[in-house]
Amino acid sequence: MPEAGEWDGLFEGIEEVAARPGMARAWLSGLCWHPALDVQVRLAAVEPTLVGYSDRTHRPEVVDVAVAQSDWSIRRGWAEHQRGMSVAQWVRLIGDEPAGWRRDILLYRASWHAPRPSAEDFAGWAAAPDPKVRLRALYFRGLPEAVAAALAADPDPEVRALLCERGWEQLDARTRAALVADPAPEVREAAKVPAGHELPMSRAEFEALDEEDQWESASVQHFDEDCLRYLLDHPDEEVRRYLAENERLTPDTLAVLARDPEAIVRSRVSVRPDIPEELRAEIEPGLPARLPRWQMHWVEDQHGDPVAMRRLAASASVSVREAVAGARTLPPDVLELLSRDPASTVRYAVVHHNEAPPAELLLEAALKWTDPWPVLHRPDFPREALNGLADHPDPKRRRLALYAADCTPETVERLADDPNPMVHGPAAADPRLSPATALRLLAATEADFRATQESPGLPVPATYLLRRAVIGNPRLPVPVLTTLLRDRDSAQDAASNPAIPAAAAHRLIDLATAVRLKEAFRQATVSAACP
């Protein structure tokens with residue numbers, strides 16, 4: 001269907017425009033930000049790498065399309081980058097991936113990012129007649145012991161083998177012994193690894209391993225006394241750090257690691273679930289502010305337990321309190337306590353994750369965060385608290401005037417001419433800006449932009465971000481936006497403009513995909529002609 005009215009100009013001779021180098025990629029990249037759900041869903045099918053390879057949270061319909069892709073690299077990319085996917089979407093993402101390194105990667109990502117299934121989910125999967133469905137019970141953390149015991153007797157050896165890899169800790173000694181002696185060789189081979197971790201390793205055996213195997217062994221292996229003493233004083237801090245993850249350690253061994261000279265080792269001990277709070281309190285004061293974020297599933301799995309949340313919210317460990325603050329809902333007294341936490345990372349975790357953080361905490365985040373926009377777009381943000389900031393001397397506060405309850409179009413116009421980029425950039429993209437001002441700002445950036453395009457060695461002009469912002473303003477006149485969409489140098493920014501109708505966006509996707517198909521056919525033809 002040809003576009004009617006004012007958008008007709010975009011599609012005059014558009015096939016020739018689309019064939020120019022880089023145009024297809026520019027349109028698709030920009031359209032990834034289009035607000036229409038049907039556009040996002042379609043892009044997830046034709047260009048899932050552009051849509052999904054970021055930490056943006058996508059609507060369920062978009063994720064459903066992307067996780068159904070057969071291309072391994074696409075599924076891997078979504079597993080690595082996307083957050084907030086449901087259990088059902090993770091099941092589809094892992095899909096029918098056969099045993100091997102690819103499935104191992106997806107399962108590893110699921111152990112980090114997937115939500116914990118319910119007991120009913122595990123039981124239902126384990127009782128399914130299809131072994132592929134029964135495997136799902138082993139995709140996720142939280143496997144109940146009763147379900148693990150049932151899967152140990154599963155008639156399918158693939159299920160029993162994966163159980164050895166993913167559910168060994170949930171099995172009793174008798175069941176483990178049965179799997180070690182299983183009639184299926186693939187099950188025996190899978191059971192041999194965790195069973196071997198239970199046997200005391202000597203120093204000579206440890207030193208015979210290569211570096212990566214030493215790290216892995218340090219985190220899971222049982223050691224004899226001589227080897228353990230050696231590891232506690234090992235010259236490689238990575239060995240000691242991995243040792244601090246080992247669940248087989250005694251309290252005495254943990255006490256030694258808690259006083260390790262390296263902060264990263266002490267930090268890893270401090271977030272274990274099996275150490276007393278007194279030891280956390282001893283470790284915490286000596287830890288630097290920036291350390292790796294440790295996996296804290298043992299806290300996350302207790303998010304629904306008010307008693308556990310009250311206890312852990314009072315922990316001496318900032319990391320433990322931060323993990324508590326990651327709960328979507330908390331008892332009112334716990335929420336109030338964490339909202340006053342002396343560590344800003346804990347307070348801001350409340351802002352990021354809680355369904356109803358206190359208004360004063362939202363305001364603090366808006367005033368102090370480098371990138372406050374996610375907070376400012378919350379419907380419960382206290383906009384009245386930002387009134388009067390349009391003339392504040394600090395540009396970090398002046399920029400917030402755009403989100404104040406008293407912000408008028410006149411305020412937006414004034415802020416668009418502010419000398420500071422962090423103020424005039426958001427104002428230039430604001431839909432309350434007049435078309436006349438948008439055109440004036442665009443014209444003011446033209447000379448700098450063209451000079452940079454013609455002389456690639458020049459530094460990025462100060463007006464670069466202003467130009468990008470105003471190109472994304474939905475108040476730009478359609479003829480101007482059309483011209484920008486047809487120019488390779490501005491096509492990507494223009495394609496992100498939310499004023500583009502969904503129908504026009506779909507036509508641009510049609511054109512871009514047709515160009516790519518032609519190019520793929522041309523390359524295939526050239527390859528076939530060259531022996």
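A charge sits over a ring if NZ of Lys or CZ of Arg is within 6 Å of the ring centre and within 35 degrees of the ring normal. The charged end of Arg203 does this with the ring of Tyr230, 3.9 Å from its centre. Likewise, the charged end of Arg241 lies over the ring of Tyr242, at 4.2 Å from the centre.

A word on the model: it is predicted, so local features need pLDDT of at least 70 and side-chain atom pairs count only at pLDDT 80 or more, while totals for chains, interfaces and linings use all residues. Residues are numbered from 1 along each chain as its sequence is written, and side-chain values use heavy atoms, leaving out hydrogens and water.

Now to rings that meet rings. Rings of Phe, Tyr and Trp (its six-membered ring) pair if their centres lie within 6.5 Å; planes under 30 degrees apart are stacked, over 60 edge-to-face, and the rest tilted. This rule gives 8 aromatic pairs. In one of them, Phe206 and Phe223 have ring centres 6.0 Å apart and planes at 75°, so the pair is edge-to-face. Phe206 belongs to helix H15 (residues 203–207), and Phe223 to the loop between helix H16 (211–220) and helix H17 (225–232), 17 residues apart. Here helices are DSSP runs (H or I, at least four residues), numbered from the N terminus. Phe206 counts as buried (under 20% relative accessible area, with a 1.4 Å probe and protein chains only) because its relative accessibility is 0%. Phe223 is buried too, at 7%.

Finally, Phe122, Trp125, Tyr139 and Phe140 form one aromatic cluster.

Conventions:
Helix = DSSP H or I, 4+ residues; strand = E, 2+ residues; numbered from the N terminus. Buried < 20%, exposed > 50% of the residue type's maximum accessible area, 1.4 Å probe, protein only.
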